[in-house]
Amino acid sequence: MDQVAQVREKTDIVALISEYIPLKKMGRNFKALCPFHSEKTPSFVASPERQIWHCFGCNLGGDCFTFLMNYENLEFPEALRILAKKAGVELAQFRFEKGVSSEKEILYALNHLAAEFYHYLLTKHNVGKAALLYLTQKRGVLLPLITTFKLGFAPRIGNALSNYLLKKKGYKKEDLLKAGLAFQRGSDVFDFFQGRIMFPLFDHRDNVVGFSGRSLSDGVPSKYINTKETLVYQKGSHFFGLNISKEEIKKESRAIIVEGEFDVISLFQGGIRNAVAVKGSGLTENQANLISRFAQKASLCFDQDLAGQEAIKRSLPFLEQKGLTTTVIETPDAKDPDEAIRKNEAAFKKALRNDVGVYDFLLAKLKRLYDPKTADGKRKISEELLVFLSEIQNEIVKEHYLKKLSLELDVSYESVLRQVEKIKSKKEEKINSKSSAGLSRTREEVLEEYLLALILQTEEVLGIFTKAKDILAGFELSVPSHQRIFERLTLHFDKSKSFNGKLFAKTLPQELLSSFDTCFLFPLPKFSTSDRYQEEVEKIVNELRTLYLKSKIRLISERIKSHEKEGRREELETLKKEFSRLVSSLSK
Ligand code: ZN
């Protein structure tokens, strides 16, 4: 057995996934809210028997390796290394360590060297002196923090870093370009960052994924520039500071989310060690996903201006979707948390303790903007706020705020509820018109998949299968792969009375496996009793039988028509008999 198979064999997919997201047992499988897309009802399924996972929402799926690669954004060699270690498999001929490392690993290594290079220049070299003075004198950053966050300086000389990486470290020009550390003009390469204070951006596993470079003067058009998108850096997928603050965030189950690097550093200096910076205007969906792995509560402390408020509104749906409690920290006497904590540390810490629920915050802001006593004011306040309130996941919290809104606007709770209903149905219309345009599966196809799922996922496969087979006798399932699985089941039960999904899958030809896995993992609704389960099977099987009958009848009536034209008497008689037999069995 090769080592990859060995690791896969020794890794339990359910145990592995459980380390990252909570799984719930549902029949033969385990279900969860998918970590790879946003959803309210679970469509992520893991099968202990097949040792695979699949999401019916976003269609991602695979084995233990693909799960880890997707979840931790890893390359295969890295995932193999981690799982081999867990499984206690020693990777003897380790083909990845020497020679070719993966493309991502090259970029991580380059970024790491660049960060060291910049940090050295800032802290030890003459060329970084002005930048060091700026940080320590003007921004009040203490030296130990410069080390903690590995701040650096990119010199003005156009190719200092490139020369170092190419000549001293032996990297290729292409690698530097791919890492976004250099750009090419003619045949020469130049450093991408020049004359800037450098903030390396780490992911939560301590890889340097990119940089943000700040100009030393304020009055320039691009005060900050960031690494362009690379294989390891996607805009809006990381937080500045998460590598440092993640333990504290976990411990407190709360993340303070700020806008910029200096906010994080100043807070850290003031003893607040659970802050991260979004590096943009509000959280993206990816960032909300990421932070929800570490904290239950997100406290937003953005810039205290209109842009900051808009950033809160933009972030909120993503945070709500992940079920995070969101609050806002207000610092009315300063433009951002960096200034606030340096002006008055005690006042800032008090503001931190007195954070307000984000919906209370929005309502208060709207009430200052519009007059809640006038009809027009009531309309504007409710229109703006209900878009957010209608998305609250927790029903009790939602009711709390809907009642609060009705009180504050002095209108009845019922009219607020009716307005929420209107918003909901408008949204559903949008979703429906979107989804019906894309897919065109026949009703038969959908029902067959559901039926096979009901058969394959029950504890009594034989009983359920026999029932379905009896009712469908004389018909074929409309999708060839479904029909073939059905036939394979017949063959299987001719020989055996028990059923094991894993062993059964092994007897299937390769081309049927994906269809089998879809049905084997398909998320079924919960049935209160086995009688209810049986009833559901009967209902589906009978509907399928009717559909098959109808399509047979359609076929025969077409043939009757064409035979009538051609005047073939004898065949016509047989067809008509068959036709009436089918029609009468339709009512059975
Ligand atoms: Zn998904």
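Visitor: Which residue takes a positive phi in the hairpin of β1 and β2?
Guide: G27 does, with a phi near 60°, and two residues lie between the strands of that hairpin. This is a predicted model, in which local features need pLDDT of at least 70, side-chain atom pairs count only at pLDDT 80 or more, and totals for chains, interfaces and linings use all residues. Residues are numbered from 1 along each chain as its sequence is written, and side-chain values use heavy atoms, with hydrogens and water left out.

Visitor: How many bridges join β1 to β2?
Guide: Three bridges join strand β1 (residues 24-26) to β2, and the two run antiparallel; strands are DSSP runs of E with at least two residues, numbered from the N terminus, and two of them pair if DSSP finds at least two bridges between them. The bridge partner of M26 is N29 in β2.

Visitor: And are the faces of β2 buried or exposed?
Guide: Both faces of β2 (residues 29-32) are covered, with N29 and K31 buried on one side and F30 and A32 buried on the other, where buried means under 20% relative accessible area (1.4 Å probe, protein chains only).

Visitor: What is the bridge partner of A32 in β3?
Guide: That partner is F44, and three bridges join β2 to β3 (residues 44-47), which run antiparallel.

Visitor: Switching to helices, which residues make the contact of α16 with α18?
Guide: Y359, D360, L363 and K367 of α16 meet Y401, K404, L405 and E408 of α18, contact meaning heavy atoms within 4.5 Å.

Key
Buried means under 20% relative accessible area, exposed over 50%, partly exposed in between (1.4 Å probe, protein chains only). Helices (H or I, at least four residues) and strands (E, at least two) are DSSP runs, numbered from the N terminus.
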